Amino acid sequence: MAVLPIRIMGDPVLHSPAAEVEEVTDEIRELVADMFETMDAAPGVGLAAPQVGVSLRIYTYTYQDDEGAPWRGVVINPVLWMSPPVPGEPDPDEESEGCLSFPGERFPLRRADRVLVTGVDLDLQPVLIEVDGWRARIMQHEFDHLDGILYVDRLGDNDWKTAQKIAKKRGWNRPGHSWMPGVDDLEG
């Protein structure tokens, strides 16, 4: 297993829809193992294959609930259904999220509170995830990556403008930028 560099906003792989996985090969298994290693090293609660430069519909996730119970897995070729988000402005304290491909920043974003995700795992066994709250947020965030959408693309006008200024100041929003978990410090 290896920790992989994480692509930063502006890399074309992050802004294009990813391709379906046709077959689970040894290379796919190695990629998923590397994605778990990278996600843990970052640290993050999710990681999509495009974030490590691979345009395939795969994401990993990990989360501990309030009781400390682990929740971890991989979804290949996911399909997402979600409840409609509640109208209104997001609560900056309760609805802020960050992204390993826009590191060091957090912005409030309204998401659906409940989702259903289907797909398969590495053994081609069906995956069915029905979750709410933060777990639903993780699923939506990672699924967006597979469609070429970063969470900053969904921000309200003022936060979107702030995100664009940050990207410009840091030289992002163009190809060629990545960071290496455990090596680079990108916390703002």
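## Elements and model

Strands here are DSSP runs (E) of at least two residues, and helices are DSSP runs (H or I) of at least four; both are numbered from the N terminus. The model is predicted.

Most residues other than glycine have a negative phi, and most peptide bonds are trans.

Pro43 sits in the loop that runs from α1 (26-41) to β2 (46-48). Asn77 belongs to strand β4, residues 70-82. Its relative accessibility is 17%, so Asn77 counts as buried. Asn173 lies in the loop between α3 (157-169) and β9 (178-179). Its relative accessibility is 42%, so Asn173 counts as partly exposed.

## Helix α2: enclosed

Helix α2 covers residues 133-146. Its 14 residues should span 20 Å at 1.5 Å a residue, and the end C-alpha atoms are 21 Å apart, which agrees. Is α2 enclosed or open? Of its 14 residues, 11 are buried, so the rest of the structure largely encloses the helix.

After α2 comes Gly148, with a positive phi near 80°.

## Helix α3: one buried face

The 13 residues of α3 should span 18 Å at 1.5 Å a residue; the end C-alpha atoms are 18 Å apart, which agrees. An α-helix has 3.6 residues a turn, so residues three or four places apart point the same way. In α3, the buried residues are Ala163, Gln164, Ile166 and Ala167. Seen down the helix axis, they fall within an arc of 160°, so they line one face of α3.

Which residues sit on the face turned away from the buried side? Asp157, Asn158, Lys165, Lys168 and Lys169 do, and they are exposed. On the buried side, the cover includes β6. Gly171 follows α3 and has a positive phi near 80°.

## Nonpolar cores

In soluble globular proteins, nonpolar side chains tend to be buried together. The largest nonpolar core here holds 37 residues. Ile28, Ile58, Phe102, Phe107, Tyr151 and Val152 touch the most other members. α1, β4, β6 (102-108) and α3 each supply at least two residues of this core. The largest share, six residues, comes from α1.

Ile28 is in touch with Val21, Glu23, Leu56, Ile58 and Leu122, leaving out residues up to four places away in sequence. Apart from this core lies another, of 16 residues; Val131, Ile138, Phe143 and Leu146 are among them.

## Aromatic cluster

The structure holds four aromatic pairs. Phe102 and Trp172 make one of them: ring centres 5.2 Å apart, planes at 80°, so the pair is edge-to-face. The two residues are 70 residues apart in the chain, Phe102 in strand β6 and Trp172 in the loop between α3 and β9. Phe102 is buried at 1% relative accessible area. Trp172 counts as buried at 8% relative accessibility.

Phe107 and Tyr151 form another pair, with centres 6.5 Å apart and planes at 45°, so the pair is tilted. Phe107 is in strand β6 and Tyr151 in the loop between α2 and α3, 44 residues apart. Phe107 counts as buried at 5% relative accessibility, and so does Tyr151 at 1%. Phe102, Phe107, Tyr151 and Trp172 form one aromatic cluster.

## Arg111: a buried arginine

Arg111 lies in the loop between β6 and β7. Is it buried or exposed? At 8% relative accessibility, Arg111 counts as buried, because the cut-off is under 20%.

Which side chains make polar contacts with Arg111? Glu97 does, at 3.0 Å. Asp144 does too, at 2.9 Å.

Note on methods. Residues numbered from 1 in each chain as written. Heavy atoms only, no water. Buried < 20%, exposed > 50% of the residue type's maximum accessible area, 1.4 Å probe, protein only. Expected span 1.5 Å × (residues − 1). Core = buried A, V, L, I, M, F, W, Y, C linked by side-chain atoms within 4.5 Å. Contact = heavy atoms within 4.5 Å. Arc of directions from axis to C-beta. Polar contact = N/O pair within 3.5 Å; in protein donor to acceptor, adjacent residues only side chain to side chain. Phe/Tyr/Trp six-rings, centres within 6.5 Å; stacked < 30°, edge-to-face > 60°.
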